[in-house]
Amino acid sequence: MTVNILKGTMGRLKCNYSLLDLIFSVTGFCTFLIDVGTDFWVASEFFSHGDFIWFGVWIFFMISSSIVVQAFSWLWYKYDRKVDGFETKTAEENVLFGTERFLRLSSVLHIFQLGFLFRYISTVWQGVRLRCNGELSSDFVLYMDHDISMLRLIKTFCESTPQLTLMIYILLHNSHVGTFQYISPAVSMISIAWMVVSYHRAMRSFLPDKANQGWGSSVLYFLWNLLLIGQRICSVALFASVLPYCLLYHFLLLWPSLILWAHLQKTAFMDSTFGEWLYRTIVGLVWYFSWFNVVEGNTKGRAVIYHAFMVTDGAILLTTWWCYRDSEKTQHYAIWLVSILVLVHILGILVKILYYRCFHPTLSLPPAGTDREDMLDGKTLWQNQRMERQSNYFYATEQSLPLTRNVNRAASL
């Protein structure tokens, strides 16, 4: 499959890279460095305390997530180089990393698991140059920033979410824990929360200006994700605390099923067969913890099916924990813990319904035969079209209908 993934039009959008965008980019980079530093600190603490099993599992999460992120980063560079005019554009922008001039360096850095780091550095540097000197076009900086948001999403669900589950399991399983075992879950939760906000902002940047970056909707989007993902992680950790080996069977049963579901939906995010299957494996992993829309169509129906399945699965996990728990050690908090997790899940679903009913912009496709360049007065912008497609999946679309009033409502929040 060959798709023009970079050069395109944005409807009535303006490609403005604001100071707030730069602040988010710089802050995101700082949280990324803190997250990496914390990972190595926790690994060293596990090793120094003789917890070699936890050390091995922790390192496995770090290495596997790094390999996956580097693979996506390199594949996107490979796809982008095939786009007509890409080399000319990057030469004009004097891009530091990922261009034909630095192809060999890019390859070496990705092999040594440093490609994403240098991609992030390059993106932040381009943003600083744009805001300080106006040396670059903002549409190209936004293109780079959108890739970063997706890579952070992948890294979060491949690394931070499993690590948080592991740390909660350790807290439940051990009566004596070190300070680092309290700090690490907090840092992981911050990383997950920042990913949610960053990804939401990236998706909203494809909306018409008046619907762009509504803080009220961002807060609600963050809140329902925090509640549902947090509840899911706690349920999985509780199940693992009584049947640790069965958790592996549980994951290996659900993950391939979720990958198959992604395949049946005929996702089309990547530009190669290998890349698309890699993407579907990550979608399956994300779905193990949270809902993530990947195709157009009956979004509501798929979401209902997913949440119904997750409610059933979560009930099985909590029931199993209740049946196999140590009744003496947990008698003072067991009923409260289960009740709180159930209420958190219900609250998360209610907040999500509120978000989609009142704050989620509903986009429309232009009428058949409409030339999108006419909507831009003939102007063509450089745009990350793989992330634009993701935004189309993120926001429901209907053929030949105008933007709904929800767009204007979201703009005011």
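Gln-113 is partly exposed, with a relative accessible area of 30%, and sits in the loop between helix 4 and helix 5. Its phi is near 65°, a positive value in a residue other than glycine. Please keep in mind that this is a predicted model.

- Val-108, Ile-111, Phe-112, Leu-114, Phe-118 and Ile-121 make a nonpolar surface patch of about 550 Å².
- Helix 4 (103-111) and helix 5 each supply at least two residues of this patch.
- Ile-111, a member of the patch, lies in helix 4 and counts as exposed because its relative accessibility is 63%, where exposed means over 50%.
- Helix 5 covers residues 115-133, and its 19 residues should span 27 Å at 1.5 Å a residue; the end C-alpha atoms are 26 Å apart, which agrees.
- Helix 5 also has buried residues, among them Phe-116, Arg-119, Tyr-120, Thr-123, Val-124, Gly-127 and Leu-130.
- As background, an α-helix has 3.6 residues a turn, so residues three or four places apart point the same way.

**Another positive phi**
- Lys-266 has a phi near 60°, again a positive value in a residue other than glycine.
- Lys-266 belongs to the loop between helix 9 (244-264) and helix 10 (273-289), and it is exposed, with a relative accessible area of 69%.
- For context, most residues other than glycine have a negative phi.

**An enclosed helix**
- Helix 15 (residues 385-394) has 9 of its 10 residues buried, so it is largely enclosed by the rest of the structure.

**The protein as a whole**
- There are 16 helices and 4 strands in the protein.
- Of the 413 residues, 52% are buried.
- The protein exposes about 19,200 Å², and carbon and sulfur atoms supply 67% of that area.
- Among contacts between residues at least 6 apart in sequence, 78% join residues at least 24 apart.

**Confidence**
- The mean pLDDT of the protein is 79, and 75% of its residues reach 70 or more.
- Residues 1-14 have pLDDT below 50, and beyond near neighbours in sequence this stretch has 63 contacts in the model.
- Residues 397-413 are also below 50 in pLDDT, with 45 contacts in the model beyond near neighbours in sequence.

Definitions and conventions. Residues are numbered from 1 along each chain as its sequence is written. This is a predicted model: local features need pLDDT of at least 70, side-chain atom pairs count only at pLDDT 80 or more; totals for chains, interfaces and linings use all residues. Side-chain values use heavy atoms; hydrogens and water are left out. Buried means under 20% relative accessible area, exposed over 50%, partly exposed in between (1.4 Å probe, protein chains only). Contact means heavy atoms within 4.5 Å. Accessible areas come from the Shrake-Rupley method with a 1.4 Å probe; for residues, only the protein chains shown count as cover. The expected span of a helix is 1.5 Å times one less than its number of residues. Patches are made of residues with over 30% relative accessible area and no salt bridge: like charges are joined within 9 Å, nonpolar side chains (Val, Leu, Ile, Met, Phe, Trp, Tyr) within 5 Å. A salt bridge is a side-chain nitrogen of Lys or Arg within 4 Å of a carboxyl oxygen of Asp or Glu. pLDDT is the predictor's confidence in each residue, from 0 to 100.
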